[in-house]
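This report concerns surface patches, ring pairs and backbone geometry. The sequence and structure are shown first.

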Amino acid sequence: MKKRFLYLFLGSLLVLTTAFSVHKFYMGIFQVNYAPEKKMLEITSRIFIDDLNKALEKKYKRKAFHIGTEGETPEEVVLFKKYLAENFTIKINGQTKPIIFLSMETAEDDVLVCYSKSIDVSKISTIEIHNSILIDWSSEQQNITHITAFGTKNSILFTDSSRNGVLKF
């Protein structure tokens, strides 16, 4: 009887500890604002630093990356900018627009905030965004992109199965 109770208790404990284990949340947040008076898109990206560095290590087959930390090197920054350019693109009215990287800063000790822009955007009827940041590294990664234009805010969720989104105005 005691053994049966012990097995039942241990089994229940095992189920409870595995069912409620901490699961890391993989989310990037991107904001695209259309500024018609400046004829440009202003882009802000918020990405977890540890996930980003692991994705860069995998992509470029290097042992360690230090983006967003004191150990960051100029070579790593170049590869990071290349990664951003390959994994976040915007088409306006069917034409790919170059994205100009402006700067980055660390927020809350674990988030990298990047600022970019796309210029010469005078008229928008469609915006097509490709966002696969960190998705090749983790299929659980999700990127939500908020687009504000003409006084309205729309959002697109990018996942492993949905890396492109289109908005019509």
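Ile100, Leu102 and Ile119 make a nonpolar surface patch of about 230 Å². Patches are made of residues with over 30% relative accessible area and no salt bridge, like charges being joined within 9 Å and nonpolar side chains (Val, Leu, Ile, Met, Phe, Trp, Tyr) within 5 Å. A salt bridge here is a side-chain nitrogen of Lys or Arg within 4 Å of a carboxyl oxygen of Asp or Glu. Accessible areas come from the Shrake-Rupley method with a 1.4 Å probe, and for residues only the protein chains shown count as cover. Ile100 is located in strand β5 and is partly exposed at a relative accessible area of 32%; the classes are buried (under 20%), exposed (over 50%) and partly exposed (in between), with a 1.4 Å probe and protein chains only.

The model is predicted: local features need pLDDT of at least 70, side-chain atom pairs count only at pLDDT 80 or more, and totals for chains, interfaces and linings use all residues. Residues are numbered from 1 along each chain as its sequence is written, and side-chain values use heavy atoms, with hydrogens and water left out.

The protein has 3 helices and 10 strands, which are DSSP runs (helices H or I, at least four residues; strands E, at least two) numbered from the N terminus. Their order from the N terminus is α-β-β-α-α-β-β-β-β-β-β-β-β. Of the 169 residues, 37% are buried. Among contacts (heavy atoms within 4.5 Å) with a separation of 6 or more, 58% are between residues 24 or more positions apart.

The structure holds 6 aromatic pairs. Rings of Phe, Tyr and Trp (its six-membered ring) pair if their centres lie within 6.5 Å; planes under 30 degrees apart count as stacked, over 60 as edge-to-face and the rest as tilted. Two of the pairs are tabulated below.

| Pair | Centre to centre | Angle between planes | Class |
|---|---|---|---|
| Phe80 and Phe101 | 6.2 Å | 90° | edge-to-face |
| Phe150 and Phe169 | 5.4 Å | 65° | edge-to-face |

Because Phe80 lies in helix α3 and Phe101 in strand β5, their pair ties together parts 21 residues apart in sequence. Phe80 is buried, with a relative accessible area of 0%, whereas Phe101 is partly exposed at 22%.

The pair of Phe150 and Phe169 also links distant parts of the chain, 19 residues apart: Phe150 is in the loop between β8 (142-149) and β9 (152-158), and Phe169 is in the segment after β10 (164-168). Phe150 is exposed at 53% relative accessible area, while Phe169 is partly exposed at 36%.

Which backbone angle is positive in Lys61, although it is not a glycine? Lys61 has a positive phi of about 50°. Lys61 lies in the loop between α2 (49-60) and α3 (74-87) and is exposed, at 73% relative accessibility. Glu108, likewise not a glycine, has a positive phi near 55°. Glu108 is in the loop between β5 (100-107) and β6 (111-119), and at 61% relative accessibility Glu108 is exposed.
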